[in-house]
Amino acid sequence: MTELRSLPAKRLRVMAGAGNRILECYRVLRKTSANVVGEVLRGQGEFYEWDHYPKGDVYDHETHGQYYYHTHPADLRGGEHGHFHTFLRPKGMPARVKPAPLADFKPPKDANDALSHLVAISTNKAGYPIGLFTTNRWVTGETWYAAKDVVRMLDRFLMDLAYPSWPVNIWITDMLRLFRPQIEELLLARDRAVDRRQADHPEGNTYEDRDLEITSVVEISVERQIEDVRRASAA
């Protein structure tokens, strides 16, 4: 993983600020024994595996960021309770970013539906993040963009809404800031995993290969990352 001391001072300051805001979200949520998962499930009725929460996803019509939370059946969870999937739609993307020129690419009727998955955030039963991962295209039904272009999208992800929870929207925005180095590496590893799969199975469509679901993954700790950023900034 990236050595944080090698990062520019400006990037470290952004990460430090994100870490502080995440801790502030935790502080206010703990006052009512709440957590980020509980916030997105609140008022949503009976909880069902696979369903998106909150219903209809969360979409910022100004920034074009989007996310939802869901969980898999217990035997498929791998130690997590569930995870947040984060996305950016084309109207929020940097200029000149285009979908990867895949053989099966078909432009959607609405150009803004060609959304890109950024990263997923795994949470434990207490509602705290424990990991980050990327997925193959079929998992979320996204449009595929090259990793270098998805990296350019990361700073554009901003959930500037009160719905369904202001602390959750601040938290999820700043998770992508605090863990930016890890997410960049996960995205590059994602593309390498897909390329290897395609080389090993040239006759198939790797992006629809149900045997390739998770393309890269890393365990995380907010507290450890904040401390690592502090040490790197002081070096």
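Student: In this predicted model, which residue of β6 is the bridge partner of T134?

Tutor: The bridge partner of T134 in β6 is S216. F133 likewise has a bridge partner in β6, namely V217.

Student: What makes β5 and β6 paired strands?

Tutor: Pairing needs at least two bridges between the strands. β5 and β6 (residues 214-219) are joined by 5 bridges, so they count as paired, and they run antiparallel.

Student: How do you know that β4 and β5 pair?

Tutor: The cut-off is again at least two bridges. There are 4 between β4 (residues 116-123) and β5, so the two strands pair, in antiparallel fashion. One of the contacts by bridge is A120 with F133. The two strands form a hairpin with 5 residues between them, and G127 in the turn has a positive phi of about 90°.

Student: Why are β1 and β6 called edge strands?

Tutor: The open sheet has 6 strands in the order β1-β2-β3-β4-β5-β6. β1 and β6 each have a single partner strand, so one side of each is left without a neighbour in the sheet. The twist averages 20° from one strand to the next.

Student: Which strands does α6 lie across?

Tutor: α6 lies across β4, β5 and β6, running at about 150° to β6.

Student: How do you know that the length of α6 agrees with its number of residues?

Tutor: At 1.5 Å a residue, the 21 residues of α6 (residues 180-200) should span 30 Å; the end C-alpha atoms are 30 Å apart, so the two values agree.

Student: Why is the contact between R137 and D104 called a salt bridge?

Tutor: The rule asks for a side-chain nitrogen of Lys or Arg within 4 Å of a carboxyl oxygen of Asp or Glu. R137 and D104 meet at 2.5 Å, N to O, so the pair qualifies. R137 lies in helix α3 and D104 in the loop between β3 and β4, so the pair ties together parts that are 33 residues apart in sequence.

Student: Is R137 buried or exposed?

Tutor: Buried means under 20% relative accessible area. R137 has 10%, so it is buried. D104, at 32%, counts as partly exposed.

Student: What makes R197 and D211 a salt bridge?

Tutor: Their side chains meet at 3.9 Å, N to O, and the limit is within 4 Å, so the pair counts. R197 is in helix α6 and D211 in the loop between α6 and β6, 14 residues apart.

Student: Why is D211 called exposed?

Tutor: Exposed means over 50%. D211 has 65% relative accessibility, so it counts as exposed. R197, at 21%, counts as partly exposed.

Key:
Residues numbered from 1 in each chain as written. Predicted model: local features only at pLDDT ≥ 70, side-chain atom pairs only at ≥ 80, totals over all residues. Heavy atoms only, no water. Expected span 1.5 Å × (residues − 1). Axes fitted to C-alpha atoms, helices over the stretch in contact; angles between N-to-C directions. Contact = heavy atoms within 4.5 Å. Buried < 20%, exposed > 50% of the residue type's maximum accessible area, 1.4 Å probe, protein only.
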